[in-house]
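Q: Please take me through some of the labels attached to this model, setting each value against its definition.

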Amino acid sequence: EISKGKLEFEYSGQLVMTLAASHMMLGNKGKAGELMRLVPSATNQKSKQDANSPKFAKKCVQEPRLLALSGFYCLYINRDMAHMKHEDLVSLEAQLDTFNREYAVQEVPETTAMSLLFRGVMQKG
């Protein structure tokens with residue numbers, strides 16, 4: 001249904017983006033990129049909450065380092081990161097460190113800023 005653009009949820013674009021981010025977090029970069037390309041066609045045009053999904057997805061397609069951070073982005077925008085247990089945040093921060101190294105996140109100002117934002121939220125939690 002995703003590839004046919006027939007999702008009818010309030011946050012259908014965000015749903016596809018979260019699925020793409022999940023694939024990225026599991027190391028399936030190809031599938032993550034493929035799904036991220038589908039976000040604009042899956043986005044619910046009537047939903048103001050889904051308005052940013054195609055914008056972020058387009059950036060992820062253009063800049064693979066953003067795709068690497070997409071899982072953290074989804075946890076952040078859904079406020080999940082702010083409500084995680086400390087031990088889960090420690091694990092998530094270690095994964096952020098790994099992604100920062102593997103994808104050279106620090107080479108792009110936008111991804112550097114996002115990584116620092118996520119780290120700040122995790123350390124505050």
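A: The backbone nitrogen of Gln14 lies 3.4 Å from a polar atom of the Ser53 side chain. This is a predicted model, in which local features need pLDDT of at least 70 and side-chain atom pairs count only at pLDDT 80 or more, while totals for chains, interfaces and linings use all residues. Residues are numbered from 1 along each chain as its sequence is written, and side-chain values use heavy atoms, with hydrogens and water left out.

Q: Why is Ser53 called buried?
A: Its relative accessibility is 4%, and buried means under 20% relative accessible area, exposed over 50% and partly exposed in between (1.4 Å probe, protein chains only), so Ser53 counts as buried.

Q: What makes the pair of Phe72 and Phe99 edge-to-face?
A: Rings of Phe, Tyr and Trp (its six-membered ring) pair if their centres lie within 6.5 Å, and planes under 30 degrees apart count as stacked, over 60 as edge-to-face and the rest as tilted. The ring centres of Phe72 and Phe99 are 5.8 Å apart and their planes stand at 85 degrees, so the pair is edge-to-face.

Q: What are the centre-to-centre distance and the angle between the planes for the tilted pair of Tyr76 and Phe118?
A: For Tyr76 and Phe118 the values are 5.7 Å centre to centre and 50 degrees between the planes, and this aromatic pair is tilted.

How values were computed:
Polar contact = N/O pair within 3.5 Å; in protein donor to acceptor, adjacent residues only side chain to side chain.
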